[in-house]
Amino acid sequence: MSTPTPTPMVGLREDAVVASEDGVLTITCPFGTVALRGLPPAVEALLGELPGTLAERDDLAERLLAAGGTSHDAALLYLTLSRLHPVLVHAVEPLLRVVPIARGARFQPPDLSPGDTVRLSKFAFVRRSEQGLVLESALSLHRVTLTEDAMPLLAALGRPVMVKEAPEALTHLVAAGLAFAGDDEERDPALRSWDFHDLLFHSRSRSGRHDQPFGATFRFLDDLPPEPVIKPVPEGAAVELYRPCLEEAAAADPPLTTVLETRRSVRRYAGPPTIRQLGELLYRAARVRRMYGPAPGMPYEASSRPYPGGGAVHELELYLTVARCEGLDGGVYYYDPLGHRLVTLPARPEDAQAMLTTASLATGGIADPDVLITVTSRFRRMSWKYSGVAYAATLKTTGVLYQTLYLVATAMGLSPCGLGSGDSDLAARTFGLDWAAESSVGDFLIGGPPAE
Ligand SMILES: Cc1cc2nc3c(=O)[nH]c(=O)nc-3n(C[C@H](O)[C@H](O)[C@H](O)COP(=O)(O)O)c2cc1C
């Protein structure tokens with residue numbers, strides 16, 4: 001591997017803001033502030049020059065002395081640098097720069113011998129970003145910006161590379177948690193059990209381990225109109241559904257505690273549900289009760305439904321694949337939650353059958369589905385408002401819809417069963433959707449009365 005002679009350097013994050021007031025120096029970046037007390041003016045001045053620049057570590061003392069600092073100031077400067085983990089950039093020029101991205105970032109150079117081997121973490125990935133190509137990992141509280149000169153080393157790191165091949169760069173990658181010596185990563189049972197995509201999703205859909213925009217950022221407010229709260233109803237023959245009288249339903253229902261305590265997943269049925277029961281279930285669990293907004297602080301339309309929804313965004317849609325339901329033809333339908341109607345979709349019979357077979361397989365082949373309710377998400381409803389948490393919130397909302405369906409179906413004497421897996425590509429094809437814009441995030445079986 002031939003790489004240019006690497007030089008270790010340090011600096012502060014480009015966006016770090018250094019300020020001094022009443023004897024306290026603060027260095028602030030998007031995820032927090034580091035405060036330092038009682039620093040000599042020469043050290044404060046030097047730190048103020050560091051955001052967005054890089055300097056050789058050893059040169060810093062010379063710069064300090066040249067600017068009138070003392071050797072005591074120089075010693076204090078190095079001590080101070082060791083306390084700047086969350087804002088200090090460590091570079092190996094011209095290969096890579098290790099940038100901290102969270103408060104907990106600790107750059108800990110490992111004790112490696114030239115004959116030790118290092119390889120990339122199985123959680124590491126390379127992607128294009130505004131800083132060019134970057135190397136990141138769910139495990140690491142640093143981001144590494146890469147140059148073309150780093151490519152041979154990166155390509156080699158799919159397999160173990162000896163430390164002596166690139167001591168500075170490899171030490172930096174291990175110090176940042178993007179690469180591991182030997183099989184250190186494999187030995188940790190907590191790490192062995194994570195899938196790559198699950199750990200990345202977990203690390204980025206909660207705060208604390210990254211520097212990305214997070215929460216209700218409304219990043220498209222000035223660019224794109226929000227998607228409407230009610231999806232334009234697809235064309236097709238409509239089937240009006242039964243609207244139950246809620247007072248009568250409340251009087252007939254078992255008490256809440258009885259419903260909670262008798263709720264279970266039922267996969268074998270005594271017979272199919274009726275269209276009246278299906279209408280009652282959808283009305284009580286998933287209709288639009290009312291619409292509201294836009295309003296101050298909520299620049300989009302929202303709705304109220306029997307199940308809660310993150311931000312009242314209500315991005316979820318329901319599609320029914322019906323095998324057997326008394327009074328309703330078998331086929332594929334969209335549930336119009338405002339009109340409380342089913343709209344017939346022109347799905348191919350083989351796709352509808354594949355949806356039912358996939359659902360049956362999710363129950364280990366036990367259920368012969370009567371009605372499969374597929375939950376899709378119109379993803380842009382959520383990402384128009386939220387950064388970082390949009391998909392996580394959608395899955396949570398899917399969970400509360402599951403529970404609402406479970407409870408209403410139990411109260412009605414129907415057979416509910418939530419499913420943990422489904423084929424989102426098949427669902428998009430069956431319902432005529434663009435997979436990236438709207439596709440399935442949940443699947444729920446409804447049968448008639450339980451067999452047992
Ligand atoms: C998110 C979620 C996913 C589930 N996935 C499946 C599944 O794929 N297949 C299945 O047969 N049951 C599935 N179930 C039902 C569970 O197996 C069931 O809730 C659990 O065994 C407890 O039994 P109970 O619901 O009767 O209390 C799922 C339930 C939930 C909430």
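This report covers the ligand surroundings and the salt bridges of a predicted model.

## Basis

Local features need pLDDT of at least 70 and side-chain atom pairs count only at pLDDT 80 or more, while totals for chains, interfaces and linings use all residues. Residues are numbered from 1 along each chain as its sequence is written, and side-chain values use heavy atoms, without hydrogens and water.

## Ligand shell

Helices (H or I, at least four residues) and strands (E, at least two) are DSSP runs, numbered from the N terminus.

A polar side-chain atom of Ser-265 lies 2.6 Å from a ligand oxygen.

## Salt bridges

The model has 21 salt bridges, each a side-chain nitrogen of Lys or Arg within 4 Å of a carboxyl oxygen of Asp or Glu. In one of them, Glu-317 pairs with Arg-378 at 2.9 Å between the closest N and O atoms. Glu-317 lies in strand E18 and Arg-378 in strand E21, so the pair ties together parts 61 residues apart in sequence.

Glu-317 is buried at 3% relative accessibility, as is Arg-378 at 4%; buried means under 20% relative accessible area, exposed over 50%, partly exposed in between (1.4 Å probe, protein chains only). Asp-183 and Arg-187 also form a salt bridge, at 3.1 Å; Asp-183 is partly exposed and Arg-187 exposed.

Note on methods
Polar contact = N/O pair within 3.5 Å; in protein donor to acceptor, adjacent residues only side chain to side chain.
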